[in-house]
Amino acid sequence: MAEVGDILRAIFRLEGERTVCLARLGHDGGAEAALDDVDERLGAAMEALSEEGVGYPLHVIARRYALSQEDYLVLQLALLPWHGADAVRAATEALGDPAATPLLSHAVALVTPEGFDDWAQATEAVLALTVFEERLVIATASDDAGADDKTLAPSRAVIELLGLD
């Protein structure tokens, strides 16, 4: 049987894969099948963790702050750099703007896959999500982002909780 640490690492990796698949939905014909595969493996890993009597830290945070699906997606997007440059590039490219780091514009595209009419209104709505209000995800101005865009990063507390530092 796998050790709890191995299961936690597998879930973290699978959630990164899932985020990339979600970014690719509607842009890549194979994204739905890939998402189904990831979801199946993620479900098995979550079941194994549950059998050990352990909760996945990000799910604990999600329950604690009553995060919406959109909140959780933005949190996962902010965590993509810990999955490697290829994961970030794949997701950001699928979301319309290849970049080395996740940006607010990527979050807007991820949570509004049907598109939006007003950039200011869309970014305002995304920045009103609980993950930003509770500072689980930080949006900061950066040279990498355009003038009206921001770089996303998980908070120090989230990084430490996941043991990513």
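# Briefing: exposure, salt bridges and contacts

At 54% relative accessibility, Arg9 counts as exposed (over 50% relative accessible area; buried is under 20% and partly exposed lies in between, with a 1.4 Å probe and protein chains only). This is a predicted model, in which local features need pLDDT of at least 70 and side-chain atom pairs count only at pLDDT 80 or more, while totals for chains, interfaces and linings use all residues. Residues are numbered from 1 along each chain as its sequence is written, and side-chain values use heavy atoms, with hydrogens and water left out.

- Eight salt bridges are found in a search of the whole structure (a side-chain nitrogen of Lys or Arg within 4 Å of a carboxyl oxygen of Asp or Glu).
- One of these salt bridges links the side chains of Arg9 and Asp6, with an N to O distance of 2.7 Å.
- Asp6 and Arg9 are separated by about one helical turn, because they stand three residues apart in helix 1, which spans residues 4-24 (helices are DSSP runs of H or I with at least four residues, strands are runs of E with at least two, and both are numbered from the N terminus).
- Asp6 has a relative accessible area of 39% and is therefore partly exposed.
- Arg13 and Glu17 form another salt bridge, in which the closest N and O atoms are 2.8 Å apart.
- These two residues, Arg13 and Glu17, are both in helix 1 and lie four residues apart, about one turn of the helix.
- Both partners are partly exposed: Glu17 has a relative accessible area of 26%, and Arg13 is at 41% relative accessibility.

- In helix 9 (residues 156-161), Arg156 and Glu160 are four residues apart, about one turn of the helix.
- A salt bridge joins Arg156 to Glu160, with 3.2 Å between the closest N and O atoms.
- Arg156 is partly exposed at a relative accessible area of 47%, and Glu160 also counts as partly exposed, at 45% relative accessibility.

**Buried residues and their contacts**

- His106 belongs to helix 6, which covers residues 104-111.
- The relative accessible area of His106 is 0%, so this residue is buried.
- Beyond its neighbours within four places in sequence, His106 is in contact with Leu77, Thr92, Leu95, Asp97, Ala99 and Thr101 (contact means heavy atoms within 4.5 Å).
- Ser155 sits in the loop between strand 2 and helix 9.
- With a relative accessible area of 8%, Ser155 is likewise buried.
- When residues up to four places away in sequence are not counted, Ser155 touches Arg135, Leu136, Val137 and Ile138.

**Exposed sites in a helix and a loop**

- Glu51 is part of helix 2, which runs over residues 31-51.
- Glu51 counts as exposed because its relative accessibility is 57%.
- Asp148 is placed in the loop between strand 1 (137-140) and strand 2 (151-154).
- Asp148 also counts as exposed, at 53% relative accessibility.
- Along the chain, Asp148 and Cys21 are 127 residues apart, and 27 Å separates their C-alpha atoms.
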